[in-house]
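Thanks for coming. Please have a look at the structure on the screen, and then I will go through a few parts of it.

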Amino acid sequence: MISVIISSAKPKLLAATVKNIEQTVGLEFEILAYENADGKKSICEIYNLGIENAQYDILCFMHEDLLIKTNNWGEHVLSVFKKHTKLGVLGVAGCAYKTYAPSGWDVEGNEANVKCINYIQGNQNADVDGVHIYYNPGNKHLETVAAVDGMWLCTTKSIAKSHLFDEKTLTGFHGYDLDFCLNVGQNHQIAVTFDILMEHFSSGNFGRDWFSAILKLQEKWEYLLPVIEKPLTISQQNTFEKRAYKRNIINMLCFGYPKKEIFNYLLKFKKKGKISTALFLKLNYYLLTK
């Protein structure tokens, strides 16, 4: 038995998703869909409301623009949680390294095969086929990661009730997945399953609101970061960190941050000992040339 929790903004998408769940879940279920087209409630508020009202022991938080292609996926979710008693969060896309530098759940590049992903990136144009994104380096059914994408994630009701989504820090619709995984991951495993396939019809919104949420999460979790769930050399870690800082520079320039403010942003990390002098100089040269 499974409770599916959805924050809904588009009735047509929700109706299609409900029909898809009915056809594929393969066991007793309930859908807790909360209409939130006006965005007055954050996704954390919506999900916490779902946790409070859910009647079943397994919870699935999912976007309404998904099409699950695997039959009896609900049975698989229950089986995974029953078999892996240390499991806290299950997703279909994740990464085994979460940088210290502000970022989402993913990294740029794939050194040491840190990405664990299995889903179809759909296209809103019905005439264009989706792209199957698949990274399964160990050819496994289940792989431990640092965090998963929030388009679809499952947990138990007991874990969710003791690790509620952070309504105070995250007041919008971004960062909730990373925050939840970092929270749960301190005491439980986070994992990706390769036995459930779905299509996701949006590619996400990585605007200023997203970046603002990511900055808040870095400040909240800096004592814990980086999170490493796969053996990495220092060189590989440094490469991921450098790319993340460069991406931050690009984002901040795109979002209208003055270069002086970006310099001070980098200087803050240098003073904390998180950016070496050599990297600091390289990043500032990179900033000046943009």
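In which kind of crossing, left-handed or right-handed, does α7 pass α9? The crossing is right-handed. A crossing counts as left-handed if the near helix is turned anticlockwise from the far one by less than a right angle, and as right-handed if clockwise.

Before going on, the basis. This is a predicted model, where local features need pLDDT of at least 70, side-chain atom pairs count only at pLDDT 80 or more, and totals for chains, interfaces and linings use all residues. Residues are numbered from 1 along each chain as its sequence is written, and side-chain values use heavy atoms, with hydrogens and water left out. Helices (H or I, at least four residues) and strands (E, at least two) are DSSP runs, numbered from the N terminus.

Back to the two helices. α7 and α9 pack at about 30°, and their axes are 11 Å apart. The pair is therefore roughly parallel; angles under 35 degrees count as that, over 145 as roughly antiparallel, 65 to 115 as roughly perpendicular and the rest as oblique. The axes are lines fitted to C-alpha atoms, for helices over the stretch in contact, and angles run from 0 to 180 degrees between N-to-C directions. On the α7 side, the residues that meet α9 include Tyr245, Ile249 and Leu253. On the α9 side, Leu283 and Tyr286 are among them. Contact here means heavy atoms within 4.5 Å.

Now α7 by itself. This helix covers residues 234-254, 21 residues, and reaches 30 Å from its first C-alpha to its last, close to the 30 Å expected at 1.5 Å a residue. The expected span is 1.5 Å times one less than the number of residues. Its buried residues include Phe240, Tyr245 and Asn248. Buried means under 20% relative accessible area, exposed over 50%, partly exposed in between (1.4 Å probe, protein chains only). Besides α9, the buried residues of α7 pack against elements including α6 (208-221) and α8 (259-271). Just after α7, Gly256 takes a positive phi of about 90°.

Last, the loops. Leu225 and Pro226 are joined by a cis peptide bond, with omega about -5°, and Pro226 lies in the loop between α6 and β15. Ala112 has a positive phi of about 60° although it is not a glycine.
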